[in-house]
Amino acid sequence: MELKRQETIFLQLPLLLATGIMIGYSFPSILLRNAFLTASVLLFIGLLLLNFFYSTPGVYRFKHRILLMVYLFILFTGALHCLLQKELLRTDHFSNAQFEFLKVQITGEPQLRNTQLHFESKVTGGFTKGNYRACTGHLLVSVQINHRELLSLKYGDILIVKANYHVVATPLLSSTFDFKSWLAMQNIYHQAYFKKEDIRLLKRNKGNPLISYALNLRKKQVDVYKKFIHDPQAYAVASTLILGYRSDLSPETLDAYTKTGTIHALSVSGMHVGIIYLVLNWILFFLNRTPPLLFLKALFIILIIWFYALITGFSPSVLRSAIMITVIILSKSFRKKTNSYNILGFSAFCILLYEPFFIFDIGFQLSYLSVFGLIWLQPKICKWFSFKSKWMNKFWSILALSLSAQLTTFPLSIYYFHQFPVYFLFSNLFIMIPAALMMYTGLVMLLFKCYFLAAPFEWLIRFTNSGLRWISDLPFASISAIWINRTELLCLSTGLILLIFSLSYAKKRLLFTSLFFFSLLESSIFYQQIFAQRQQKVIVFRLKQNYTGIYIKSNKATLITDVPLESATFRFYIKPYLDQHRIKEVDFKFSYQGLKKIKHL
């Protein structure tokens, strides 16, 4: 399927909207918000007038200028939408006033980690000397668990808490996860740590009734898996795979899926929604007799799909799939033709209108890139080879499916996750059938209460986990510690796109241009290696209750710390820092005298 501008209007709109959102996010100011508002209103009025006089002779000659006005309107609307959603710019944000207490409502499902209960909350008001004042904003709350009553906190509960909050801290090291930016994309800029005496429950279950029902239903289904699936990791995979409940998934299991390039199987996505559609479409075949019954069937399937999206938490990939399948079902019901690019673009446009900050979500980016690869790139890869055997052509088609998704997401994957799964083709072939069987078995077990399927379901998950662990333990299973900057990401992406075009259309000029971008990438990496050979620095930092000192010279480092090598602190903070600086040899020293010196620096 080739791209034509006239036939892919909804593929252009989300790109313009996303560009506007990124402009608004990069330059947050009230002055700029007002400027975008004025420009959007003027453009909208102009477009209305042009639409009214479009039939007037001579106006049609300016169609390109009119199209430019439409594009600018969408661009400015995206920037305005982002700035209007940015709560920190509002004058009634709770951080702009001095409160003694805050009235907050729990907006997310509370998660218990060790001895702390974490949840997101919406601030609705504040108290100062007994006077109440309405305000807005979101707050990330952590409560130290020392009383069983706190474990009963749920979505929708309203609390009174002390106004002891602070701005989310900037990450100590550039190599660690930027928690502050990640929370800012969810409109959360402040966090608070409380003890039992700092909070008081005011009202229960005052949230959205539909969301509250969905979360309670998901919790009941998770409890069903916990009751009938005895292996803890099999239960965790089942809850994650079917219901999107990831809190019990162990780092070891997650690492096995990541190293093999099959992490998408653990994300509730289009595959899950598609399987639900196929199952319901097959069960309700008797409604295909007349157009009214067919419409009733379509409406029922759409309602079930959106309810499943609600239960799984409205992740970007599920929203994308739900919108796409909804459009496909409706178009089939009304006998209309569909365009895959337009459906993909329409779903992205709707999601960004619903939540503009999704554009920065890694799941959103990878989800749309992978689906775009399946639509655009997979047919091109299929044409690279042709076999006489029908079965070989089908096998190559399956390989092309995995290869297209991996190629389109490859640059962003290594930019975000700093590793590449070498055996991703083999891993995806291995997991293809088990993943589908696990989805069918897990859904049938819950929907029809077929609890006798728990034993084969658990065996299937354990078999899949064991197979992926075996693949992840193979020599050279993954290339890790890959660190590229944004310039190198741009060179890699551009070179890859040009290489695909050159292979698809046999264009030598495109091939040489792609090689030029790859040479720029290689030059930048070579420069980084030379710089690493000449580096020499000392860094001292504190991680929670631990102290660490690192002396770096060339690609060697001496590490003085009391952080155990097998700990999460070492894995998520210290090791990424060493990898980013291209350290190949580490002299690990545990010294109390050294730590005393570090503490006094």
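Biologist: How many bridges join β13 to β14, and do they run parallel or antiparallel?
Modeller: Six bridges join the two strands, and β13 and β14 run antiparallel. Keep in mind that this is a predicted model.

Biologist: What sits between β13 and β14?
Modeller: Two residues, and the strands form a hairpin around them. Ser 554 is in the turn and has a positive phi of about 60°.

Biologist: Which residue of β14 stands opposite Ile 552?
Modeller: Ala 557 in β14.

Biologist: In which sense do β14 and β15 pair?
Modeller: Strand β14, residues 556-561, pairs with β15 in the parallel sense, over five bridges. In that pairing, Thr 558 stands opposite Asp 587 in β15, and Ile 560 stands opposite Lys 589.

Biologist: Which residues of β14 are on the covered face and which on the uncovered one?
Modeller: Ala 557, Leu 559 and Thr 561 are on the covered face. Lys 556, Thr 558 and Ile 560 are on the uncovered face.

Biologist: Switching to aromatics. How many pairs does a search of the whole structure find?
Modeller: The search finds 25 aromatic pairs. One of them is Phe 36 with Phe 76: the ring centres are 5.6 Å apart and the planes are at 45°, so the pair counts as tilted.

Biologist: Where are those two in the chain?
Modeller: Phe 36 is in helix α2 (residues 30-52) and Phe 76 is in helix α3 (residues 63-85).

Biologist: Is Phe 36 buried or exposed?
Modeller: Buried. The relative accessible area of Phe 36 is 11%, and the cut-off for buried is under 20%.

Biologist: What about Tyr 415 and Tyr 416, how are their rings set?
Modeller: Their centres are 5.4 Å apart with the planes at 65°, so the pair is edge-to-face. The cut-off for that class is over 60 degrees. Tyr 416 is partly exposed, with a relative accessible area of 28%.

Biologist: Which residues do ring pairs link into a cluster?
Modeller: Tyr 341, Phe 372, Trp 376, Phe 501 and Tyr 505.

Biologist: Which lysines are placed over Trp 391?
Modeller: Lys 390 lies over the face of Trp 391, at 5.5 Å from the ring centre. Lys 394 has its charged end over the ring of Trp 391, 4.8 Å from the centre.

Biologist: Which helix holds Met 392?
Modeller: Met 392 is in helix α13, residues 390-417. Met 392 is partly exposed, and its relative accessible area is 38%.

Biologist: How many Å separate the C-alpha atoms of Met 392 and Ser 121?
Modeller: They are separated by 54 Å, and the two residues are 271 residues apart along the chain.

Biologist: Another serine, then. Is Ser 239 buried or exposed?
Modeller: Ser 239 is buried, with a relative accessible area of 1%. Its place is in helix α6 (residues 232-243).

Biologist: What is Ser 239 in contact with, leaving aside its neighbours within four places in sequence?
Modeller: Val 222, Tyr 225, Gly 244 and Tyr 245.

Biologist: Last topic, the whole chain. How many helices and strands?
Modeller: The protein chain has 19 helices and 15 strands. Of its 601 residues, 45% count as buried.

Biologist: What is the radius of gyration?
Modeller: It is 27 Å for the protein chain. A compact globule with 601 residues would have a value near 25 Å, which agrees. The C-alpha trace spans about 80 × 65 × 65 Å along its principal axes.

Biologist: And what share of the contacts join residues at least 24 apart?
Modeller: The share is 69%, among contacts between residues at least 6 apart in sequence.

Key:
Residues numbered from 1 in each chain as written. Predicted model: local features only at pLDDT ≥ 70, side-chain atom pairs only at ≥ 80, totals over all residues. Heavy atoms only, no water. Phe/Tyr/Trp six-rings, centres within 6.5 Å; stacked < 30°, edge-to-face > 60°. Helix = DSSP H or I, 4+ residues; strand = E, 2+ residues; numbered from the N terminus. Buried < 20%, exposed > 50% of the residue type's maximum accessible area, 1.4 Å probe, protein only. Lys NZ or Arg CZ within 6 Å of the ring centre and 35° of its normal. Pairing = 2+ DSSP bridges. Rg over C-alpha atoms; globule rule 2.2 N^0.38 Å. Contact = heavy atoms within 4.5 Å.
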